Amino acid sequence: MKNLLEYILIHLVQFPEDVKIEEAEDEKGFLYTIHVNPEDVGRVIGKGGAVIHSIRNIGRIRAIKEGIRARITIADGK
């Protein structure tokens with residue numbers, strides 16, 4: 001899953017070297033936190049949240065295929 005998210009994001013952003021995905025597991029499943037350059041956050045979210053919604057849908061499909069539960073969030077950059 002992490003590799004899939006990295007692949008999508010490095011082809012989406014202007015600063016692919018700044019793309020990092022943190023993976024953590026808790027009682028609810030896996031949490032994937034996306035870290036990108038602050039200038040790329042808008043590209044990842046998209047107009048009206050369309051891009052991140054699509055990324056989450058792709059992640060949901062992959063998670064079902066792998067038999068896991070996954071959540072995808074964007075780091076707030078603070």
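Tutor: A salt bridge is counted here when a side-chain nitrogen of Lys or Arg lies within 4 Å of a carboxyl oxygen of Asp or Glu. Please keep in mind that this is a predicted model, and that the structure holds two such salt bridges.

In one of them, the side chains of arginine 62 and glutamate 66 meet, with 2.9 Å from N to O. Both of these residues belong to helix α3, where arginine 62 and glutamate 66 are four residues apart, or about one turn of the helix. Arginine 62 is partly exposed, at a relative accessible area of 32%, and glutamate 66 is also partly exposed, at 37%.

Another salt bridge is formed by the side chains of aspartate 26 and arginine 71, again with 2.9 Å from N to O. Here aspartate 26 lies in strand β1 (residues 20–26) while arginine 71 lies in strand β3 (residues 70–74), so this pair ties together parts that are 45 residues apart in sequence. Aspartate 26 has a relative accessible area of 31% and is partly exposed, and arginine 71, at 32% relative accessibility, counts as partly exposed as well.

Tyr32, Leu5 and Ile21 are in turn among the residues that touch the most other members of the largest nonpolar core, which has 15 residues. The elements giving two or more residues to this core are α1 (2–10), β2 (29–35) and α3 (50–66).

Note on methods. Residues are numbered from 1 along each chain as its sequence is written. This is a predicted model: local features need pLDDT of at least 70, side-chain atom pairs count only at pLDDT 80 or more; totals for chains, interfaces and linings use all residues. Side-chain values use heavy atoms; hydrogens and water are left out. A nonpolar core is a set of buried Ala, Val, Leu, Ile, Met, Phe, Trp, Tyr and Cys residues joined through side-chain atoms within 4.5 Å. Buried means under 20% relative accessible area, exposed over 50%, partly exposed in between (1.4 Å probe, protein chains only).
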